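Please work through the exercises below with the sequence and the model side by side, trying each task before reading its solution.

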Amino acid sequence: MRAAWLIALNDLRQNVRSKSIFIIGFVAPLTLAFILNLVFGDLDEPDGGLTFDVGLAIVDDGPTGQGFASVVEELSAGGLVEVTRFDDADAARAAVDDGEVSASWILPAGLSDAVQAGAAAEITVVGDVDAQTTASVARAVADGYASSVASGRLAGLVAFDAGVAGLEDIGAIAQEISQAPPLATLAPIEAETDELDSATEMMAGMAVFFMLFTAGMPVLSTLGERQQGTLSRLLAAPIPAAAVSAGKTIAGMIVSVISLVALMLASTLIMDTEWGPPLGALLLAVCAVVAATGVMSIAGATARTAEQAGAAQSVVAVSIGFLGGTFVPLPSSDEGLLSVLERLTPNQWFLQGLEAITDGGAADAIPAAIALLVMGAVTGAVGLLLARSVLRR
Amino acid sequence: MRASTRYDGPVLEVRGIAKRFGPIRAVRGIDLHVEHGETYGLLGPNGAGKSTSISIIAGLLDPDAGTVEVAGEPMTTRSTSARAAIGLVPQEIAVYPELTARENLRFFGRLYELAAKKLDRRIDEVLDVIGLRERADDRSSEFSGGMKRRLNIGIGLLHRPQLLVLDEPTVGVDPQSRNSILDSVEQLSREGMAVLYTTHYMEEAERLCDRIGIIDQGELKAEGTARQLTASIGEREVLRIDVVGSVDGVAKQLGATEGVASVTAREGGFDVLADDASALVAHAVTLITAAGATISSVEIARPDLEAVFLHVTGKALRD
């Protein structure tokens, strides 16, 4: 075991000196985390992170205009829209043209009178062609309000037909109904399941994906030593050949654990990811490294050069990334080939373990940790058998 | 310190080793032994089986047949005690480029379980032997090819092996570094270390080796001191002719000439082993001229290892 540690420390020292390990283990994943944070960083904010900038010009001074104003105020308070008030329709249109706002609502003069008289009434929505989403949202809000006004007017007509209201009351009834609170509202649903938030899930997938590359180090390092001639020197030393494999595996696992944990900590700081109880997360990280090391030892074992092994490991890492849902979410199903393959990836068990500890405690990591260790033991045993041929080839 | 106790018998005893790689029989039943303080040269062209033999002797490969004993201990890919008695200097420059000379020596010294204080002292001694004391703390990636070669040898010496195995240690080095390496090997031999030295440079074998084994096509074709080997071909001489142009069929005609032991066609000429080379010159010139080629030089050499190799294998050493 002493020889294995000597070889491991020697590998670590060289990796630190060559700086290659910093790039694959830290710089690349952290850079990607930073970019992902810029792109998707607000996904899990309470307001959904989406705010539409809309102008509002209420020239109508009647109850219909006031009713729309109160609806917009509610939307603004909920964070969906950021409203800029304008005094007239021209100013609201000009603001859209100038790009000051992406869309504007214009409630013309006499709108309330028209509603009360049962005449044609119109809310104008002006949208920027380059901001279709905001224009659509503005239109939907206006349509919704117009529908409620129309419903109110219909209710007034029904009341008039029934003889419970006079013709002059129809407008007032319509106004009252349009401003009444809805019978039912859709409130945001707080997640009650044990799913990770999207930022954590994304980072967990990415962290394991990059960790697969550092987990491939033992095979690459062995083949690299063979190419530079030092492997024969190690094998000629009075140590068991297994010490060489063990030393390289120890070095690779140390780098992988440090890389994975560093990425978890960094993403916690810059992306507010939540990994659950630290002890459980650390246990899962170590077990994921064991599994990944085993899988990647098989991936490169048939290669004759470090370059061939690197290429083979890249293919396996990307395949595992896809199957583990790192890049695109997979359809949820408990049956079928895809589901079986999914369960054969370290990514999937790592995510599953994180979900369990996020909802529960550190002890809930144990089932996933065991699965990862079994995966590491099986693939590692095959990898060790193949490594013997790498050493003596 | 992980080293075997001194064994009074031969430091290296190789009996009938053979190794096959698929259809290729790389080594075909080689026997040799090396005594304490003896430098044994394994002389042969590229692909003769030298490196495969070295790999078996150093415990990197298991032979298909035969046995190897180092300092009385059987050598296999699993034996560790026999390996402690060997210092291997591979043909490749087997050093870590990111480490300094001292760090390279310290790492391998620890693998041989040299105690820390002894190791530091021994590292300084070895740095002196290989002439790298001044550059001990520079990374080996900054070294010249010759300096890397010397460090390569230094690592093999570190644990004071009973047998130092040098596999083509001077390939690709400048004349000054080569001379330095040969001086070091001579010094080690004088100090009583047994050396197994493979090379395809005849001059190195003649200068360094107490005994020489000529290896070709995986077989040990001849063995003895340089004097014994040259004597084995009698008073024959070597006629070396360099030509320009086509000489098809000339080698066969020369070979059929009386007094010619063997003819080897090489790139740009012939090497002819003959009883009386001087008497053969006129006939050779006639044949070559008739074939339409031009002679650029003619040389008659006294018997040397090159001639021995030609005689034993039927081809030139550098083929």
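Predicted model: local features only at pLDDT ≥ 70, side-chain atom pairs only at ≥ 80, totals over all residues.

Residues are numbered from 1 along each chain as its sequence is written, and chains are lettered from A and ligands numbered from 1 in the order in which they are written.

**Exercise 1.** Find which residues of helix α4 of chain A are buried, and where they lie on the helix.

Solution. Start with the helix itself, residues 89–97 of chain A, where helices (H or I, at least four residues) and strands (E, at least two) are DSSP runs numbered from the N terminus. Next, sort by burial: a residue is buried if 20 or more other C-beta atoms, placed from the backbone, lie within 10 Å of its own, exposed if 12 or fewer, and partly exposed in between. By this count A:A92, A:A95 and A:V96 are buried. Seen down the axis of α4(A), the directions from the axis to their C-beta atoms fall within an arc of 100°, so these residues line one face of the helix. On the other side of α4(A), A:D90 and A:D97 are exposed. Finally, the buried residues pack against β1 (52–58), β2 (81–86), β3 (103–107) and β4 (124–127) of chain A, with contact taken as C-beta atoms within 7 Å.

**Exercise 2.** Describe the side of chain A that touches chain B.

Solution. First count the partners: 19 residues of chain A are in contact with 24 residues of chain B. Then look for elements of chain A that give two or more residues to this side, and you will find α1 (2–18) and α10 (230–236). The largest share, six residues, comes from α1(A).

**Exercise 3.** Compare the burial of B:A71 with that of B:Q217.

Solution. Begin with the backbone: B:A71 has a positive phi of about 50° although it is not a glycine, and B:Q217 likewise has a positive phi of about 50° without being a glycine. Then place them: B:A71 is in the loop between β4 (65–70) and β5 (73–74) of chain B, whereas B:Q217 is in the loop between β9 (211–216) and β10 (219–224) of chain B. Lastly, B:A71 is buried, with 26 other C-beta atoms within 10 Å, while B:Q217, with 15 C-beta neighbours inside 10 Å, counts as partly exposed.

Terms used:
Contact = placed C-beta atoms within 7 Å.
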